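Thanks for making the time, everyone.

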Amino acid sequence: MLRTLLSKIKESLISVLPVVAIVLILCCTPLVNLSWVEIVVFCVSALLLIVGIGLFNLGADLAMSPMGEYIGSGLTKSKKLAVLLVVSFVMGVLITVAEPDLSVLAEQIENKVNPIVLIVSVGVGVGTFLLLGTLKILFKKSLSAMLIFFYLVIFALVALLVVDEGGDFLALSFDSGGVTTGPITAPFIIAMGVGIAGVLGGRDSGENSFGLLALCSVGPILTVMILGLTSSGNVDYTVDASVYAVSDKVVVAFFHEMWEVIKDVALALGLICVAFTILQFTCLKLPAARIKRIAIGIAFTFVGLVIFLTAVSVGFLPIGFKLGSQIAETPWLLVLIGFVLGMLVVLAEPAVHVLNKQVEEVTSRAITRKSMMIALAIGVGISIGLSMLRIWLDFSILYYLIPGYILSLGLSFFVPKLYTAIAFDSGGVASGPLTSTFILPFAIGACLTVHGESKILVDAFGIVAMVAMTPLITIQLLGFRAIVSRNVRNRIAQRRIISADDDQIINF
């Protein structure tokens, strides 16, 4: 196990180093001015980030993915449809309510919506769509058709929000779809889909393995939009300088943040463990050796997530804000650096590595980790670059989202359904905690410099939604390219056969 852990840490080192390198390079230019304390805190946080991602990835392999797969396959084999559906709904609600990023979102709009009402409503939304996703796998329904229907509903609500002058809710609504599929939920939900589809089998089992995460991202968008239409009051956002500053008492701040993270992660993992324990004694009845392995994996997951989330909050969040605010003084350069940062940051998202591994396994290496990572990096890089352009020029996020989703849903008619399912799952995975604690502060800092506080909700927020959207296009284009390449190879082979001399034909 030690050798596996070292391998995971090596992978995370390769993932995190490019982000650290670009930040340190910027510090050596006149564009960015960081104090020695900030640089040291950032570097120490990066080291902790590497360890945290390594521990988390090992824990996901040992516990989170197997737990989801055991629940999905075990309940499907038992043919207890009602139990499977109830478990899907309850797990969706519990995991979402405990997601730390959702609490951060709720605090942004507490003047208009009660945070508890928002969190519970979003939880119910995720639970409902996880249930619908389970039904999709069981009855082998088309993911593309479901997504097209629900996104039509979403854009109908967008029109109502615009008419109702609820534009400040648009970006927050689409961001909510990304923040609720965090590092705890993503491996579990994806593995649950793999478990159910593996038992059902069939020709489309690969496609059916994915799509749960995509549907779970739809629920929060609908919920927050409905709350925006039915609630009164204004959404006010004020930048709290203390949140985006490196504390003079770094060690005290670090341990304070760690304690808060420990409580959040313990709640989230605890709810999953309680539900799994109940199912173990009632339905699954797994052997003791597997339970011991899962327990060890949960411990690794817990420690890894605590280290990871603490590091990004203490070191990456304030540095991201300061980078954005200083680079924004040269707007055209902001777009370029945003693109580069986007490509690099996605490499360090912990759940991305889990998804890429599962995609490679399910597709029997037809889609490799490398091709997935390249497609995700390009997609996220483009999304951050376009988001910086929007901050610079100040226009509505709908100019991106409407054409983007039309294109991504349109591509679903021309590419294998497996690529569509993987693409929409990738959108939720790519918009992870590093995006919300490094890229979002980067955008807030840039917007504060360019436009002031009044435009932050409209221009800076929505960046998570962009990160979640662009992989839908790039990964489906990857599938489209695979189809074109296959057709070209088939045509070349046919031409060779037709043009072959009769003397080359062997008669048996």
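Predicted model: local features only at pLDDT ≥ 70, side-chain atom pairs only at ≥ 80, totals over all residues.

**Aromatic rings and a helix pair**

One aromatic cluster is formed by Tyr 151, Phe 155, Phe 174, Tyr 405 and Phe 424, where rings of Phe, Tyr and Trp (its six-membered ring) pair if their centres lie within 6.5 Å. Residues are numbered from 1 along each chain as its sequence is written, and side-chain values use heavy atoms, with hydrogens and water left out.

The structure holds twelve aromatic pairs. In one of them, the ring centres of Tyr 151 and Tyr 405 lie 4.6 Å apart with the planes at 25°, so this pair is stacked (planes under 30 degrees apart). Tyr 151 sits in helix 6 (residues 143-163) and Tyr 405 in helix 16 (residues 398-411), 254 residues apart; helices here are DSSP runs of H or I, at least four residues, numbered from the N terminus. Both Tyr 151 and Tyr 405 are buried, meaning under 20% relative accessible area with a 1.4 Å probe, protein chains only.

Turning to the helix pair, helix 3 (residues 81-97) and helix 8 (residues 185-200) pack at an angle of about 170°, with their axes 11 Å apart, the axes being lines fitted to C-alpha atoms over the stretch in contact, and angles running from 0 to 180 degrees between N-to-C directions. That makes helix 3 roughly antiparallel to helix 8, a term for angles over 145 degrees.

Conventions:
Helix = DSSP H or I, 4+ residues; strand = E, 2+ residues; numbered from the N terminus. Parallel < 35°, antiparallel > 145°, perpendicular 65-115°, else oblique. Phe/Tyr/Trp six-rings, centres within 6.5 Å; stacked < 30°, edge-to-face > 60°. Buried < 20%, exposed > 50% of the residue type's maximum accessible area, 1.4 Å probe, protein only.
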